[in-house]
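Hi there,

Here is the structure I promised to pass on. Please have a look at it first, and then read my notes below.

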Amino acid sequence: MPPFNLYPLLAFGLVNLPMLGWLAAAAAPILIHLWSRRKYREMSWAAMEYLLAAVQRQTRRLLFEQWILLAIRTLLVVLIVLAVAEPYLERTGMAFTPGSHTHRVLVIDGSYSMAYMPTDKSRFDRAKELARQIVEESPEGDAFTLVLMSSPPRVIVGTPALEPSEIVQEIDGLRLPHTTADLPATVALVLPLVRSVQRENPRLARHEVCFLTDLQRLTWAPQLSEAAMSEFLRQSGELAQAAALQVIDLGQPGAENLAVTGLRTLDPLVAVGRGVSLEADLKNFGRQARSRQPVELLVDGRRIEQKQLDVPADGESSVDFSYRFEAPGDHAIEVRAPGDALEVDNRRFLVVPVRESLRALCIDGRPSGTPFRGAADYLAVALAPQGADADRALVHPEVATESALLERSLSGYDCVFLCNVAQFTAGEARVLDTYLKSGGSLVFFLGDQVLADRYNHELGGGAGQGGAAGPNLLPARLGSVADRPQFRLDPLDYRHPIVQAFRGRGQAGLLTTPVLKHFKLDLPKDSPAKIVLAMANGDPLIVEQPVHRGRVVLVATSADASWTAMPLWPSFVPLVQEIVAWCAGGQLQQQNIMVGEPLDAAITAQSGIFTARSGPPLGRNRVCAVNVDTAESDLSQVDLDELRNDVWPGVPFTHHTSWQDAGGPSVGGPARGGAYLPVDILYLVLGLLFLETLLGWRFGYHG
Amino acid sequence: MEKVRDYLDPQTLARLQGLQLRARLIVEGYTSGVHRSPFHGFSVEFAEHREYAPGDDLRYLDWKVFGRTDKYYLKQFEEETNLVCHLLLDTSESMRYKSEAAPLSKLEYAQCAAAALAYLILHQQDSVGLVTFDREIRSLVRASSNPSHLKQLLYVMEQAAAERKTATGPIFHDLAERLKKRGIVIVLSDLFDDVDSMMTGLKHFRHRRHEVVLMHVLDPAEVDFPFEQVTLFRGLEQLPDVLVEPRGLRRAYLAEFGRYLRKLKAGCRMHGIDYVPMRTDQSLEVVLSSYLASRG
């Protein structure tokens, strides 16, 4: 409704104007008074002389008292109607439209760059302070919702909160996650939020979305596909139509930052008593070079070593550490490069499972009493070339027949080799699936007994028993048998870790391994499977794929000498060892994740070393390292022109560097922004009720 | 005995027919409670033998006693102990008023009181007369001590119709001239009249050496003004009607009425007049007995 000007500086308005119709009820006290004057009783009276004298003496006073009481009663009705009509008083010229209350969506940037501390307060603390200020200085009747712009974004308060203390409590309780921020997802989240508030709270006629952010480039200039960008712009435009967008910039241009961007072991498998090489990457996101930057190595919380490193401006450097683990189990490694204003990315964590030995089960699909005639005999030797009983043997292989799949518990083995197994039953497929879910690894060697259709059916996601889909364990579908001998292998530029060790070691003979027969492997389109080693004609020889929490390696030929000379070749032992190490290394990868990735059932929002405890009945602790995405460590900002032209072209918004600048009601508190009057009026009604009772009692109308 | 006490309640009396019975019951109740004649207090002079003292009138010496005992005693005269009481009953229109809370109208209550007093006085062989009046004397019954005189008094009282205006001042002056024999004058009225004029009349009685007792009969509503609803008060005795909101006016009315009562009581005190307030919701026996007891 248009405001009614009381005087030049104030505007008076009503939210529920139709309620004023009830003002007619103000006539009720007058009508009741007149009715009571008409409806009277009659009686004879003897002491009339004194009554007349009293009337004569008190007529004016009585009239005055009656008028006073009538006026109070009429005013009571008027005020109650007015309170129901929800009046407000606002200053003209305010940023908000008089006549309505405002719904403010406070979007606080939750990316870890907000942890940057240029002074004694971080950007996130400053954002929380500003959010509190906005809430506390907004006029009464304004409502607030709160969104944390992280990845994924989270709605903290989705129902508009009218009580400032409630929203302030939520703001105070906010904790900065160590994630990045997803602006398109945040816009997609806020848009329906604003719409639902528009729909359900018509009283809140105006909407504002306040982004409290450091305008970091990673967040505000997201690299999106064309379709995603178009969707983001569409949603941003709709949001700007539904609400006024305000971007409050809390960032500092030219902020320097150094981050530990990587930490890894150079050996896929770490064993007790064997030295392991660690490599940490440092990246300087600033314009000033860092010389003699201290870098510390901590193992299980103990400081082991410190090195100094020069990191060029806007450049990277790496530092190596070596360490020998003396005890098996999960060990937490941390590399620190302290000394800048953003502490979160100065630490990198790694959990290394240190193994005393590995147990491998070799299922022989064609067992033979004659040495090296069975399908897994060469393999067993390659796994433990020094003999399985040797003291320092890392791998302890056991050879068994197919029945062991159902008879033995696979959980005790780190890796299961399946050599020339003709086919699998649905029960066996389920056992293998369960084994992969528990983190185990499978290596398939094929052979003349293999029934490709049965493999594809039982292990390749085909229909299982009763029509239900079976597990999909195979990285590739098995095709026909190719019996054209191949005498040259393609290492595919040694990209895969399994064959990386062969780079520059041609004498190992990997590339000259003759393959007489092999199954053609068909990799489905968009399959996550990777080809480790291929043949000269391009047919994959070894493919791998992570399945569940384990890894599956499929070798297209046999593990014995019937289809290939590979078991006889000098490259076989190191190849098998690399396969085992790579399979076991999968466990290491499982224990090193990024912030926001699932850690068992939980989603981590903080970086650091965490222990996931599961059970009972089987208590199990799993140590995990959770690291931040260092893309967020680049503190460069988008400037206003980029924001206007590249991020939100055609989307109206206002950019401010403070809430005062944004025209918020910060000076003089709520009085500056006017007032929401119903509560005050109801207090007045209460006071008038008390006055009416008091006067009625005083005038003799009550009691 | 208990039954007799129940009848003494004015509300119970109101249910009974006939004034004679009412008065009799009341007096019986009174005498049975006290066990002595209540009218000792009403005697103007007390009869006794008194030893002679120099200066006494020798005409009153009891020579018979002197002959027997050779001592001088003064003789008491029988005829001087005979009390004459005049009951002045107001029968003006205002006496007709009876509120909802009251069991009797003021006139009925005053009639009961007058009947009870007459019964008492006659019972002790004293004389009692009755005057009914409004703005003029309506009836006048000469004082007599004959027990059968009570019937005539009650009859006259029953015939009284409250219809006219009061004018107590001239009436009292007139009566003061007419009632020659010194005695007790008991006025039973609501006294809604000009206080100064009324006091002048009463002063005339005092001047004639009458003892004056003012029994002020009021309805409880007149004293408390308990009304809540807007009311059209219709004036009795030709006074105008007035529509008022009683709750707002109560305080002012009570102030006016209190002023009137204070003036009335002050006048009574000044002229040695006994003032006996009577509310028609009070038990008549209690009012009468407490007053008579206070006279000793």
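In chain B, 40% of the 296 residues are buried (20 or more other C-beta atoms within 10 Å of a residue's own, with C-beta atoms placed from the backbone). Please keep in mind that this is a predicted model, where local features need pLDDT of at least 70, side-chain atom pairs count only at pLDDT 80 or more, and totals for chains, interfaces and linings use all residues. Residues are numbered from 1 along each chain as its sequence is written, while chains are lettered from A and ligands numbered from 1 in the order in which they are written.

Chain B has eleven helices and ten strands (DSSP runs of H or I, at least four residues, and of E, at least two, numbered from the N terminus). Two of its helices, H7 (residues 168-178) and H8 (residues 195-207), have axes that come within 7 Å and cross at roughly 10 degrees (lines fitted to C-alpha atoms over the stretch in contact, with angles from 0 to 180 degrees between N-to-C directions). H7(B) is therefore roughly parallel to H8(B), a label for angles under 35 degrees.

Now to where the chains meet: 26 residues of chain A and 27 residues of chain B take part in the contact (C-beta atoms, placed from the backbone, within 7 Å). On the chain A side, H2(A) gives the most, with 13 residues. S3(A) also pairs with S8(B) (residues 231-235) in the parallel sense over five bridges; pairing requires at least two DSSP bridges. There, Trp45(A) stands opposite Gly235(B).

Best wishes

How values were computed:
A residue is buried if 20 or more other C-beta atoms lie within 10 Å of its own, exposed if 12 or fewer, and partly exposed in between; C-beta atoms are placed from the backbone. Angles under 35 degrees count as roughly parallel, over 145 as roughly antiparallel, 65 to 115 as roughly perpendicular and the rest as oblique. Two residues are in contact if their C-beta atoms, placed from the backbone, lie within 7 Å.
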